[in-house]
Amino acid sequence: MSGIFVWPDGSDAVAERIAARVLPRREQFIADLFAATVKGMPELAKDDAGRTLLYASIAENTVVLINALQAGTDPSTAAPPPGALAYAKELARKGVSLASLLRAYRIGQAEFTRLCLETASDTEGIDDLTTLQVMVGKVAAFIDYVCEEAARVYESERERLVSTRSGLTQHLIRSLLDGTVEDLSATQRALGYELGGTHLAVDVALPAGRPDQISRFDETRQLVASAWPRTPKISMPTGESSVCTWITVDGAPAQLLSRLRSVVTASALPVQVVVGLPGSGVEGFRRTYRQAARLRALAATAEPAPPKIVMFPEVAPIAMLTEDIDELTTFVAATLGPLAVDTVRTAELRETLRVYLSCHRSPAATAEKMSLHRNTVRYRIQQITDEFGHVVAHTEPYVLASALEICRWYGHTILTPPPGTAPKRT
């Protein structure tokens, strides 16, 4: 829905004044609305890609509205913000309901309208009710317009997905994961996959942004299939650069996992693989996927980069930690003190200390594990002792090791910014 607004005399100047007062609060408004949306509607931002697109959508819509108020134009006559359309398409791919997306827009509309009205009430000389009504109408018309365009893109993408076998498979798997399957037997027949067995989720990711990425997805599926050539399996893309495969592992899972590790390690493909725990039945199907998804998120933030294949038991204590980043940041800072500052040098020292402790304080074993010379390890340990010895000496070993492991897997997101730098956006 769009139309041309006929503004009352003097309303352009009033709108410009409101926009001028709103503009300095724009970034804070975007951040607050993003945080409130993530907290109140977590289904809209389940992963890093979803959070990035949600933030871009909120930011672009806000910029369009403020610019329209400043220019006295109708925002619903311009092309819809590309970030908003990209986000709608992503939600369709992930099976998030259109109703959730539209509700988020209505919440955003209410918050932006409230911001403008509060600004008007605090600004001298703005008491023209007609002008304010027109301004509110412009915001409402823009939200209606963007909702229509987003819904169109969403439905088009859903139809495209469901019209293909891969899209249907993805739709059915998402229904299983979300617990919205109405007829389990029919879903099982449509998938051609027995859901009553023991399942293992294997998520394979390719480097993002490669031009040959799409064509190499088939190679990643073949990589997993080569470890279990005669075992039932189904696959679903989990992002622009990753695909998850569920495998039936009834029988000797330890041998199968060992075979997978050998296949992945020997492969020339530039992949990073994460593996959940085996789980039985439909609930096991969901649980092993949640574990693999958690590992995928940790692999994205790990510093240094994770091994080519990571299995859930190897990092289970870290993977099962709370996802409250603020709590983890506070714990790491309180435990490591200045060693938690996010610099290249402290990262090097933290990683050396982490491996050193895991090797029972053996410089030789640490050097071998890190592919370093023993003298390099000894020099770093001496630096740690000289500068951060109080941290090591006065911290319980388990607590110290836990803080270092958290740094290794959560990376920059939980570290303390160096003095003089801007605080991290969460």
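Q: What is the average pLDDT of the chain, and what share of the residues score at least 70?

A: This is a predicted model, and confidence is the place to begin. Where pLDDT is low, the predicted coordinates should not be read in detail. Here the chain averages a pLDDT of 85, and 89% of its residues reach at least 70. Residues 1–10 have a pLDDT below 50, although in the model this stretch makes 24 contacts beyond near neighbours in sequence.

Q: How many helices and strands are in the chain?

A: The chain holds 17 helices and 6 strands. Of its 426 residues, 47% are buried. Among contacts between residues at least 6 apart in sequence, 73% join residues at least 24 apart.

Q: Which backbone features deserve a second look?

A: Most residues other than glycine have a negative phi, and most peptide bonds are trans. In this model, the peptide bond between E303 and P304 is cis, with omega about 0°. P304 belongs to the loop between α11 (281–301) and β6 (309–311).

Q: Where does H360 lie, and is H360 buried or exposed?

A: H360 is in the loop between α14 (344–358) and α15 (363–370). Its phi is positive, about 60°, although H360 is not a glycine. Because its relative accessibility is 73%, H360 counts as exposed. R361 lies in the loop between α14 and α15, and R361 too has a positive phi, near 60°, without being glycine. With a relative accessibility of 46%, R361 counts as partly exposed.

Q: How many disulfides does the count give?

A: A disulfide is a covalent bond between the sulfur atoms of two cysteines. The count for this model comes to 0 disulfides. As for individual cysteines, C116 counts as buried because its relative accessibility is 1%, and C147 counts as buried at 6%.

Q: How many aromatic pairs are there, and which residues do ring pairs link into a cluster?

A: Ring pairs are judged by the separation of the ring centres. The model has 5 aromatic pairs. A cluster linked by ring pairs contains Y193, W246, F285 and Y289. A charged side chain may also be placed relative to a ring: R408 lies over the face of W409, 4.3 Å from the ring centre.

Q: With which residues is R354 in contact, leaving aside its neighbours within four places in sequence?

A: With those neighbours set aside, R354 is in contact with L404, E405 and R408. R354 is part of helix α14. Since its relative accessible area is 16%, under the 20% cut-off, R354 is buried.

Note on methods:
Residues numbered from 1 in each chain as written. Predicted model: local features only at pLDDT ≥ 70, side-chain atom pairs only at ≥ 80, totals over all residues. Heavy atoms only, no water. Helix = DSSP H or I, 4+ residues; strand = E, 2+ residues; numbered from the N terminus. Buried < 20%, exposed > 50% of the residue type's maximum accessible area, 1.4 Å probe, protein only. pLDDT = per-residue confidence, 0-100. Contact = heavy atoms within 4.5 Å. Disulfide = S-S within 2.5 Å. Phe/Tyr/Trp six-rings, centres within 6.5 Å; stacked < 30°, edge-to-face > 60°. Lys NZ or Arg CZ within 6 Å of the ring centre and 35° of its normal.
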